[in-house]
Amino acid sequence: MRAILLALLLSVSTLPAFAVQPDEVLPDPKMEERAREISKDLRCLVCQNQSIDDSNADLARDLRVIVRERLKKGESNEQVLQYVTDRYGDYVLLRPPFKATTLLLWIGPFAVLLIGALGSAVYLRNRRAAGGVAGDTAPLTDDERRRLEALLRKDGT
Amino acid sequence: MRRLMYILPLLVFLGVGVAFLRGFDRDPREIPSALIDKPVPEFALPPLPGHKQGLSSADLKGDVQLVNVFASWCIPCKAEHPIVSRLAEREGLPVRAINYKDKAENALDWLARNGDPYASIGVDADGRASIDWGVYGVPESFLIDRQGRIRYKHVGPLTPEAVEQTILPLVKELRKG
């Protein structure tokens with residue numbers, strides 16, 4: 001019985017492993033929440049597809065500590081993000097900013113969609129102008145109709 | 001016009017193909033530095049025990065120099081060390097170093113074993129100064145011009161190709177300017 005209870009207890013107590021270590025956490029819960037928010041937007045440069053909030057890399061830890069230090073100094077979230085981008089470039093931001101160099105990144109998908117929509121519209125309009133779906137195909141000749149009927153009859157029996 | 005419509009998909013495909021081909025050549029681990037053409041960050045690092053000089057921003061003005069970030073625990077650092085030494089000893093390029101998150105005795109040991117080509121070494125025990133340099137892994141090397149601006153960054157171990165094709169030509173150019 002005890003073993004079953006223990007197993008149950010263990011099975012519900014599997015929380016995701018957090019990278020943030022207890023000694024990094026700020027005493028002020030509000031500020032800690034801001035720190036977590038900022039950390040989620042910063043790329044870990046060692047593992048690249050993780051945020052520093054998720055990463056166990058040494059550098060990610062250093063950056064998390066720096067984020068918290070700067071918040072304690074009274075900086076705003078934007079100032080902290082700026083501090084890190086000044087050193088590592090826009091690449092550290094998991095949400096790239098909207099500016100001239102990232103224009104293609106942000107506008108690209110919509111531009112492609114627009115080109116596709118325009119292309120479809122032009123194509124459909126041309127087809128309609130040519131006489132619609134029926135207009136595209138010439139009617140069957142008498143000979144063709146006779147062959148078709150012969151085929152259908154053979155198939156049906 | 002009609003013919004163009006038929007060729008267009010092919011052209012788009014070729015464009016995408018070229019973009020991918022170039023993309024494959026790029027190493028995703030290499031992140032362009034945000035500090036290129038900017039002055040070196042303000043910093044002052046203490047020397048290793050027994051050494052006279054550490055490394056600070058003031059040391060990086062007046063001459064074209066290389067700053068090499070290394071650690072004794074870093075295997076690629078050992079691999080690139082002969083190349084760094086050659087730059088300092090045979091090419092006459094002053095090389096200074098940041099010793100990244102290292103134990104002093106390990107660093108001294110490492111230098112005794114592999115040779116010390118550095119004009120001076122600053123100890124960055126907690127890695128903070130290196131973060132100001134935008135370092136995200138050792139080894140990294142920075143080429144500094146006479147005005148103390150970062151002109152080139154190499155991520156990972158220096159290779160003979162990087163030295164011959166990029167660093168030495170750039171050094172020549174920077175020395176002229």
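The model is predicted, and local features need pLDDT of at least 70, side-chain atom pairs count only at pLDDT 80 or more, and totals for chains, interfaces and linings use all residues. Residues are numbered from 1 along each chain as its sequence is written, while chains are lettered from A and ligands numbered from 1 in the order in which they are written.

In chain A, α2 covers residues 29–40 and α4 covers residues 77–88. Their axes (lines fitted to C-alpha atoms over the stretch in contact, with angles from 0 to 180 degrees between N-to-C directions) come within 11 Å and cross at roughly 40°. Arg34(A), Glu37(A) and Ile38(A) of α2(A) meet Asn77(A), Val80(A) and Leu81(A) of α4(A) (C-beta atoms, placed from the backbone, within 7 Å). Three residues of this contact are nonpolar, one is polar and two are charged (nonpolar: Ala, Val, Leu, Ile, Met, Phe, Trp, Tyr, Cys and Pro; charged: Asp, Glu, Lys and Arg; polar: the others, Gly among them).

Chain B has five helices and seven strands (DSSP runs of H or I, at least four residues, and of E, at least two, numbered from the N terminus). Their order along the sequence is α-β-β-β-α-β-α-β-α-β-β-α. The C-alpha trace of chain B spans about 80 × 35 × 30 Å along its principal axes.

Key
Two residues are in contact if their C-beta atoms, placed from the backbone, lie within 7 Å.
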